[in-house]
Amino acid sequence: MLHLDHVTKRYGAFTAVNDVTLHLPVGQIFGFLGPNGAGKTTTMKMIAGLIRPTEGHVRVDGIDVVRDPLAAKRCIGYVPDRPSLYERLTPVEYCDFVAGLYGMTEAEARPRSTELLALFGLGEHRSALIESFSHGMKQRLVMASVLLHRPRLLVVDEPMVGLDPRGARLLKDVLRRSAREDGLTVMLSTHTLEVADELCDRMAVIHRGRLVGVGSPAELRTATGAEGQKLEEVFLALTEEEAVAPPR
Ligand code: ATP
């Protein structure tokens, strides 16, 4: 479903993402982990078609995101790490707006937005202004809106930030069900390793722009000799910094 082939992103002399090759099959929930500044957001923006790779190719369902950006975007739902909403709209108006961007008519969009707003616990608030919403409610609205056009690939940067335990459980359940029943492929970045461990079929760890581990949580544990231990141990082993010489 998602293919990254030797994807590199350079800013001047600095290489933010270095020769990343990944393949996500249909219906997989894939976790993208790495320390701050490792290259997760940069990679996800390249998948979403917001920035261009310096080298390499990204294909979504066989469509090259640089050569055929509109066709690729039709298949993708992207939630950035800091989503922006139009706060003077209501959730229904916002969903109409997003659906319109994807070419959906109001007749197609309204039943779908009603269903998704209810699913994300916003049914009662559908006519309130977004500016009155808490951070978690805004997060849930973004998730509802990104599913309107029935994307086949969902790319989510830090989906759990700001969600309370009930909201986090709801989102995990929706992602699991969508992957299993609708074949939605999900790539999510997170610093919450318990979420990755619980939710993801496979994951990759990126460090200083390079992939340093790819596999199921169990495979990564075996590869790092961390069987039976928390994913934190795997993460720390894969992203170990070289020893810094003590000051003289
Ligand atoms: P975090 O976990 O902190 O969100 P991340 O893994 O998402 O980190 P990125 O945002 O992808 O990291 O950034 C990777 C590196 O690329 C960082 O060193 C960042 O400073 C650099 N970078 C990102 N965007 C640009 C840009 N437009 N120009 C120059 N450098 C950039």
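Visitor: At about what angle to β1 does helix α1 run?
Guide: Helix α1 spans residues 40-47 and lies across β1 (2-11), β2 and β4; helices (H or I, at least four residues) and strands (E, at least two) are DSSP runs numbered from the N terminus. Lying across rests on contact, meaning heavy atoms within 4.5 Å. Axes are lines fitted to C-alpha atoms, for helices over the stretch in contact, and angles run from 0 to 180 degrees between N-to-C directions. For α1 against β1, the angle is about 120°.

Visitor: What kind of model is this?
Guide: Residues are numbered from 1 along each chain as its sequence is written, and side-chain values use heavy atoms, leaving out hydrogens and water. Local features need pLDDT of at least 70, side-chain atom pairs count only at pLDDT 80 or more, and totals for chains, interfaces and linings use all residues, for this is a predicted model.

Visitor: Which are the edge strands of the open sheet of four strands?
Guide: The order of this sheet is β2-β1-β4-β5, with antiparallel pairing; two strands pair if DSSP finds at least two bridges between them. Each edge strand pairs on one side only, and the two are β2 (14-24) and β5 (63-64).

Visitor: In β2, which residue is the bridge partner of Leu2?
Guide: Strands β1 and β2 run antiparallel and are joined by seven bridges. Their hairpin has two residues between the strands, and Gly12 there takes a positive phi near 60°. The bridge partner of Leu2 in β2 is Leu24.

Visitor: By how many degrees are neighbouring strands of the six-stranded open sheet turned against each other on average?
Guide: The six strands follow the order β6-β7-β8-β3-β9-β10, and their pairing is mixed. The edge strands, each pairing on one side only, are β6 (76-79) and β10 (210-215).

Visitor: What is the bridge partner of Ile206 in β10?
Guide: Strand β9 (residues 202-207) and β10 run antiparallel, joined by five bridges. In β10, Ile206 has as its bridge partner Leu211.

Visitor: At about what angle to β7 does α1 run?
Guide: Helix α1 also lies across β3 (29-33), β6, β7 (153-157), β8 (185-189) and β9. Its angle to β7 is about 150°.

Visitor: At about what angle to β9 does helix α9 run?
Guide: Helix α9 comprises residues 231-238 and lies across β3, β9 and β10. Relative to β9, α9 runs at about 35°.
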